[in-house]
Amino acid sequence: MSRRGGDFVNKYEVMFIAKPLEDVEVDPIAEFVSNLITKNNGNVTKVDRWGKRHLAYPVKKQADGNYVLISFEAEPEIIKEIDRVMKIQDNILKHLIVKVEE
C-alpha cells in the first residue's frame with residue numbers, strides 16, 4: 001500500500017474475457033477499461049493481452065474469448081465503480097478484479 005495525495009493506493013489486477021473478436025477489435029475494449037481506470041484516478045501500470053483462448057465452459061453462449069490482464073494502482077473506493085461499469089459492457093463476457101498483495 002502506498003500513499004498518493006494523502007489517500008492510500010493499492011495495487012490491483014483486472015482480468016477480463018472479451019468476446020472472441022479479432023485482436024484489432026479487442027484493443028478498443030482494453031483501451032476502454034484502461035481509460036475507465038484512469039478517469040477514476042487510477043494508474044494503469046501494465047496491459048497484457050493473452051489472446052484468444054478456448055473457455056472451459058460456454059459464457060454468454062461463447063466457447064472462446066480474448067483474455068486481457070490489466071495491472072493498476074487505485075484507491076479502494078473506485079473498485080466498485082470499475083466493477084459496475086465492466087458488468088454492463090456487452091463485449092466483456094466475464095471479469096475479475098483482485099487486490100495484489102505486495
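Which exposed residues does the face of helix 1 turned away from its buried side carry? They are V24, E31 and K39, where exposed means over 50% relative accessible area, buried under 20% and partly exposed in between (1.4 Å probe, protein chains only). The model is a predicted one, in which local features need pLDDT of at least 70, side-chain atom pairs count only at pLDDT 80 or more, and totals for chains, interfaces and linings use all residues. Residues are numbered from 1 along each chain as its sequence is written, and side-chain values use heavy atoms, with hydrogens and water left out.

Helix 1 takes in residues 23-39; helices (H or I, at least four residues) and strands (E, at least two) are DSSP runs, numbered from the N terminus. From first C-alpha to last, its 17 residues reach 24 Å, close to the 24 Å expected at 1.5 Å a residue (the expected span being 1.5 Å times one less than the number of residues). The buried residues of helix 1 are V26, I29, A30, V33, S34, L36 and I37. They sit on the same side of the helix because they cover an arc of only 155° around the axis, the arc being that of the directions from the helix axis to the C-beta atoms. As a rule, an α-helix has 3.6 residues a turn, so residues three or four places apart point the same way.

D27 is also found in helix 1, and at 31% relative accessible area D27 is partly exposed. Its side chain makes a polar contact with that of R49 at 2.8 Å. Such a contact is a pair of N or O atoms within 3.5 Å; within protein, one must be able to donate a hydrogen and the other to accept it, and residues adjacent in sequence count only if both atoms are side-chain atoms.

What happens just after helix 1? There N41 takes a positive phi of about 65°, although N41 is not a glycine. N41 lies in the loop between helix 1 and strand 3 and counts as exposed, at 55% relative accessibility. K60, in the loop between strand 3 and strand 4, also has a positive phi, near 50°, and is exposed with a relative accessible area of 53%. Most residues other than glycine have a negative phi.

Strand 3 (residues 43-59) and strand 4 run antiparallel, joined by eleven bridges; strands pair if DSSP finds at least two bridges between them. The two form a hairpin with two residues between them, and V47 stands opposite I70 in strand 4. Strand 4 (residues 62-74) is mostly covered, with ten of its 13 residues buried.

The largest nonpolar core has 21 residues, and V14, F16, V33, F72, I82 and M86 have the most contacts inside it. A nonpolar core is a set of buried Ala, Val, Leu, Ile, Met, Phe, Trp, Tyr and Cys residues joined through side-chain atoms within 4.5 Å. Strand 2 (7-18), helix 1, strand 4, helix 2 and strand 5 each supply at least two residues of this core, and helix 1 gives the most, with six. Apart from this core lies another, of five residues, among them L55, V59, Y67 and L93.

Contacts (heavy atoms within 4.5 Å) of V14 include V33, I37, F72 and M86, not counting residues up to four places away in sequence. N91, in the loop between helix 2 (79-87) and strand 5 (92-99), is partly exposed at 33% relative accessible area. With the same exclusion of residues up to four places away in sequence, N91 touches I17, A18, K19, L21 and I29.
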